[in-house]
Amino acid sequence: MTVEPWTIKYKPRTSKDVAGNKPAIEKLRDWIESWNKGRPNKAAVLLYGPAGVGKTSVTEALAREHGWDLVEINASDQRSGEILSKVAGLASTQSTLFGKGRLILLDEVDGINLRADQGAVATILQIIKETQYPLILTANDPWDPKIRPLREACLQIELKRLGVRDGLPLLRSILSQEEVKTNEDALRLIIDRDRGDIRSILNDMQLLSSRRGVVTVDDVDLLSGRDRTESIFEVLRVVFNSRTVAAARRALSISDVDQEMLFQWIFENAPYQVPRPIELEEAMSALAEADLYFGRIKKTQSWHLLSYALDLMTAGVAVAKQTSPSGWVPMRFPQKISSMSRTRAIRDVRKKAAASIGLKSHVSVRRAPQLYFPLLRFIYEHNPDEYERIAASLDAKEELEDLLSSEFKLET
Amino acid sequence: MEAALWTEKYRPKTLDEIVDQEEIVSRLKEFVKRGAMPHCLFAGPPGTGKTTAALCLAHDLFGARFQDVFMELNASDERGIDVVRTTVKEFARMASLSQVPFKILVLDEADNMTSDAQSALRRTMEKYTDTCRFILCCNYSGRIIEPIQSRCALFRFTPLPESKIVEHLHHIAKQESLRVTESGLKSVVEVAEGDLRKGINTLQAAASMSKGITEEAVYQVVGRAKPTDVHEMLTHALKGDFIKAREELRQLLVKYGLSGSEIVRQIHSEIFRLPVPEKKRISLIEAVGEIDFRLVQGGDEEIQLSALLAKLASDA
């Protein structure tokens with residue numbers, strides 16, 4: 001089964017499908033329409049706003065709904081003035097085959113490097129002056145001094161972060177199509193956590209729901225601010241795509257993700273990112289070695305061993321991997337982490353239940369879970385009435401009730 | 001209210017009702033006859049009747065109301081010297097109100113106490129010998145410090161023989177009007193491994209599904225992986241499907257609650273049945289041995305065993 005990233009699968013098809021920012025999009029659409037009556041006063045729009053609010057998506061949607069070609073030049077491309085005038089310049093003046101319309105997108109203009117992209121700003125200004133086709137520039141930060149001349153030459157339209165009002169219906173519709181169960185609190189939390197960045201929200205939702213088809217507030221809580229998946233993705237990308245030891249080691253410096261958490265992320269995803277069994281064997285063996293170091297560190301508090309563990313879990317995996325999986329493989333949420341965060345909350349409940357069982361059946365709190373929890377879980381699953389009878393006879397109705405909701409149900 | 005857990009409902013009340021352990025029972029009966037007893041050390045694996053024997057002894061010595069002069073402490077719960085000292089002192093010190101010559105204090109899982117705590121306990125035992133007798137329960141008597149061992153009468157509890165477990169389970173099955181098949185009962189006994197508590201718990205769980213106890217039902221309960229599950233995990237790995245194999249491994253660890261060393265043990269015995277060349281068997285044994293060793297060294301079960309599965313998968 002191939003999995004598509006939700007960020008692609010649920011890209012807005014038309015500008016009307018874009019979530020939120022209705023007035024801004026209306027303004028943008030009016031400006032596009034005005035091209036039908038000839039070149040408007042301002043031939044370019046500077047579309048600005050934070051990452052993941054849909055600047056590129058809305059542009060693509062507009063081109064599609066007008067049946068125009070989209071000529072796209074983005075930050076990762078070479079953008080020196082010369083190249084720009086060749087590509088964008090030609091596109092902006094030459095007519096298209098069959099007289100088809102055209103929309104030109106200059107993505108992330110605030111990413112222009114003044115030295116490397118020599119003359120870029122001047123060239124863009126020139127293109128804006130001469131273009132026969134609508135031109136959209138995007139930027140995160142419109143106030144960046146180096147693009148000031150551009151700002152003045154463009155109609156400025158701001159896209160804002162996705163709010164709860166627009167975010168909830170969007171997420172509800174996607175989740176119902178994906179048959180994922182969730183609740184409003186979880187959705188509100190995730191919109192808030194990801195600061196209205198739709199791309200992050202969708203990435204996180206896809207990741208969380210891939211585990212159990214259910215997303216709860218607790219799940220969202222797993223993505224604590226510090227270990228946001230966005231940064232984890234970046235780290236994992238470096239680990240799994242580096243070819244040298246030095247490059248892989250860099251993964252640790254680009255993020256402050258907890259090291260043992262990162263270990264779990266790498267361990268979880270290695271079999272999916274390293275498809276060749278012989279390379280996987282090597283990667284897993286490096287991880288097992290790293291795990292041994294973690295164990296020794298814990299036992300003996302020898303923290304100087306940490307760097308060996310880190311080398312093995314990053315570089316050891318990176319160097320083992322020679323072959324990439326075919327196609328896009330989504331990252332998975334580590335099973336260990338989800339169960340760890342649950343245990344903290346559960347521990348208390350378990351202890352109380354264990355104490356009341358231990359008291360009546362002459363075993364210690366420490367051993368009661370091992371001796372009686374599996375029995376009770378089984379009985380609950382097959383004969384809830386019997387479970388209640390046992391709870392009553394142990395004088396532990398409340399404790400065993402809590403045990404049910406905290407532990408038994410989650411483990412299935 | 002009647003106990004609903006069968007281990008409690010069918011726990012013997014008197015020494016006469018105790019299953020097996022004849023020699024121990026007859027020695028304890030001596031104590032009852034004389035109305036006196038020394039400090040005792042009950043050593044043996046879980047589910048062999050140590051706590052039960054202590055309870056029955058107290059019952060036979062002091063009658064049905066023995067609870068007033070009987071106290072049970074779990075060493076592993078009440079950790080620390082101070083706790084043991086104060087709790088034990090309080091109990092041992094107070095002269096008993098009833099007519100009995102001494103009280104009984106049972107200290108369960110005594111081998112989980114640090115040796116410092118045990119030394120402190122030794123002094124307390126000495127000091128209150130007049131008013132209080134101690135029964136220390138442990139799995140391994142070797143983990144009890146010498147000075148305590150030498151002050152106690154040692155009783156060694158052994159795993160119950162199959163016939164005795166069968167007998168007791170039959171008794172419970174009759175009381176609970178269960179229909180038990182021969183093979184069903186046999187599998188309960190197998191699961192129990194001489195641990196009567198485990199056997200009774202297994203029977204009760206199976207009975208919660210249906211009053212007919214079959215082998216299938218028992219396996220469903222036990223949570224213990226059947227040999228075929230480890231086999232399945234290895235088969236996935238040998239076919240080169242690491243992801244499925246790791247999935248199976250997680251099932252064994254989480255759902256069935258197997259320990260890493262138990263899985264290693266089962267893999268070891270499976271190696272001889274796997275469809276691999278003879279030379280390969282030897283290299284696998286070496287790898288399994290290495291993992292067994294690593295688990296002792298503090299390696300994580302899931303990660304170490306995953307590395308083994310990846311090794312199997314890469315040869316596919």
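Modeller: Arg249(A) lies in helix 12 (residues 245-249) of chain A; helices (H or I, at least four residues) and strands (E, at least two) are DSSP runs numbered from the N terminus. This is a predicted model: local features need pLDDT of at least 70, side-chain atom pairs count only at pLDDT 80 or more, and totals for chains, interfaces and linings use all residues. Residues are numbered from 1 along each chain as its sequence is written, while chains are lettered from A and ligands numbered from 1 in the order in which they are written.

The cut-offs use C-beta atoms placed from the backbone: 20 or more others within 10 Å is buried, 12 or fewer is exposed, and in between is partly exposed. Setting aside residues up to four places away in sequence, Arg249(A) touches Asp311(A), Thr314(A) and Ala315(A). Contact here needs C-beta atoms, placed from the backbone, within 7 Å. Ala315(A) is 66 residues away along the chain, yet the two C-alpha atoms are separated by 6.0 Å.

Now the chain around that residue. Chain A has 19 helices and seven strands. Of its 412 residues, 41% count as buried. Among its contacts with a separation of 6 or more, 76% come from residues 24 or more positions apart.

Next, the core. The largest nonpolar core has 114 residues; such a core is a set of buried Ala, Val, Leu, Ile, Met, Phe, Trp, Tyr and Cys residues joined through C-beta atoms within 7 Å. Leu137(A), Ile266(A) and Leu287(A) touch the most other members. Helix 14 (residues 277-300) of chain A gives the most to this core, with ten residues. Leu137(A), leaving aside neighbours within four places in sequence, is in contact with Ala44(A), Val45(A), Leu46(A), Leu47(A), Leu106(A), Val109(A), Leu150(A) and Cys154(A). Another core lies apart, with 43 residues, among them Leu15(B), Val106(B), Leu121(B) and Cys138(B).

On to the contact between the chains. It takes 35 residues from chain A and 42 residues from chain B. On the chain A side, helix 13 (259-273), helix 14, helix 16 (335-361), helix 17 and helix 18 (384-393) each supply at least two residues. Helix 14 of chain A gives the most, with 14 residues. That side divides into 17 nonpolar, nine polar and nine charged residues. Asp, Glu, Lys and Arg count as charged; Ala, Val, Leu, Ile, Met, Phe, Trp, Tyr, Cys and Pro as nonpolar; the others, Gly among them, as polar.

Helix 17 (residues 368-382) of chain A deserves a stop. Its 15 residues should span 21 Å at 1.5 Å a residue, and its end C-alpha atoms are 21 Å apart, which agrees; the expected span is 1.5 Å times one less than the number of residues. Its buried residues are Ala368(A), Leu371(A), Tyr372(A), Leu375(A), Leu376(A), Arg377(A), Phe378(A), Ile379(A) and Tyr380(A). His382(A) also lies in helix 17 of chain A. With 18 C-beta neighbours inside 10 Å, His382(A) counts as partly exposed. Beyond four places in sequence, His382(A) is in contact with Ser208(B) and Met209(B).

The axes of helix 17 and helix 18 of chain A come within 5 Å and cross at roughly 135°. Axes are lines fitted to C-alpha atoms, for helices over the stretch in contact, with angles from 0 to 180 degrees between N-to-C directions. That makes helix 17 of chain A oblique to helix 18 of chain A. Angles under 35 degrees count as roughly parallel, over 145 as roughly antiparallel, 65 to 115 as roughly perpendicular, and the rest as oblique. Leu376(A), Ile379(A) and Tyr380(A) of helix 17 meet Pro384(A), Glu386(A), Tyr387(A) and Ile390(A) of helix 18. By class, this contact has six nonpolar residues, no polar and one charged.

Chain B, briefly. It has 15 helices and seven strands. Buried residues make up 42% of its 316 residues. The axes of helix 13 (residues 260-271) and helix 14 (residues 278-296) of chain B come within 10 Å and cross at roughly 170°. That makes helix 13 of chain B roughly antiparallel to helix 14 of chain B.

Key: Contact = placed C-beta atoms within 7 Å.
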